[in-house]
Amino acid sequence: MSTPALQTGHVGLNVTDLARSIAFYRRVFGVEVLGEQSEGDRRFAFLGHDGTLLVTLWQQSGGTFPVDRPGLHHLSFQVPDIEAVRRTEATLRELGAELVYDGVVPHGEGASSGGVFFTDPDGIRLEVYAPSGADTVPAPTQGAPTCGFF
């Protein structure tokens, strides 16, 4: 018996402030709120594009994202071209978001793919990348993938 090809459905993220996170994800990724419960003890939002669920936000945590523990390393979103990555970078700079590197960088030495690496308001590590066009600057991490060590 063969296993059918798997595809990522959506990603659920714990956040500390639902309204703040909804605003951030809507602005950076252009997602729409597909569903939301913002009152009571159980607060959450479903975010997506054209009715397709991409990210769920769950307000059920405190503190910041612990990068020194097992679990999610980072969440990556692919866009069609490097111009879309640069537009995302500009939005992030307008928001005062924490960029890991100084703008768009390649995924590694000699790679044309690459993107912008940053954190959301809770410190969750994120990436927006394009398959090509990022090879205009040197890779910031030598001898290893850029996305693995931030």
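I looked up Phe46 first: its relative accessibility is 29%, so Phe46 counts as partly exposed. The scale calls a residue buried under 20% relative accessible area, exposed over 50% and partly exposed in between, using a 1.4 Å probe and protein chains only.

I noted that this is a predicted model, where local features need pLDDT of at least 70, side-chain atom pairs count only at pLDDT 80 or more, and totals for chains, interfaces and linings use all residues. Residues are numbered from 1 along each chain as its sequence is written, and side-chain values use heavy atoms, with hydrogens and water left out.

**Entry 1: the sheet E1 to E4**

I traced an open sheet of 4 strands, in the order E1-E4-E3-E2, with mixed pairing. Strand E1 (11-15) and strand E2 (32-37) are at the edges; each has a single partner strand, so one side of each lacks a neighbour in the sheet. On average, neighbouring strands here are turned by 20° against each other, direction ignored.

I checked my terms. Helices (H or I, at least four residues) and strands (E, at least two) are DSSP runs, numbered from the N terminus. Two strands pair if DSSP finds at least two bridges between them. Strands of a sheet pair through backbone hydrogen bonds, either parallel or antiparallel.

Strand E3 (residues 43-49) and strand E4 (residues 52-59) run antiparallel, joined by 7 bridges. Across from Phe44 I found Trp58 in E4. Helix H1 (residues 18-29) packs on this sheet and touches E1, E2, E3 and E4. The direction of H1 makes about 5° with that of E3. Contact means heavy atoms within 4.5 Å. Axes are lines fitted to C-alpha atoms, for helices over the stretch in contact, and angles run from 0 to 180 degrees between N-to-C directions.

**Entry 2: the sheet E5 to E8**

Here 4 strands form an open sheet in the order E5-E8-E7-E6, again with mixed pairing. Its edges are strand E5 (75-78) and strand E6 (105-106), each with a single partner strand, so one side of each has no neighbour in the sheet. E6 and strand E7 (residues 114-119) run antiparallel and are joined by 2 bridges. Pro106 stands opposite Gly114 in E7. Helix H2 (residues 82-95) packs on the sheet, touching E7 and strand E8 (125-130). I read about 20° between the directions of H2 and E7.

I picked Thr91 in helix H2. Is Thr91 buried or exposed? Thr91 is buried, at a relative accessible area of 16%. Beyond its neighbours within four places in sequence, Thr91 is in contact with Arg27 and Val28.

**Entry 3: rings**

I found 9 aromatic pairs in the structure. Rings of Phe, Tyr and Trp (its six-membered ring) pair if their centres lie within 6.5 Å; planes under 30 degrees apart count as stacked, over 60 as edge-to-face and the rest as tilted. Phe44 and Phe46 have ring centres 5.3 Å apart and planes at 35°, so this pair is tilted. Phe44 and Trp58 also have centres 5.3 Å apart and planes at 35°, so their pair is tilted. This second pair links distant parts of the chain: Phe44 in strand E3 and Trp58 in strand E4 are 14 residues apart. Ring pairs also link Phe24, Tyr25, Phe29, Phe77 and Phe118 into a cluster.

**Entry 4: the core**

The largest nonpolar core has 31 residues. H1 supplies its largest share, 6 residues. A nonpolar core is a set of buried Ala, Val, Leu, Ile, Met, Phe, Trp, Tyr and Cys residues joined through side-chain atoms within 4.5 Å.
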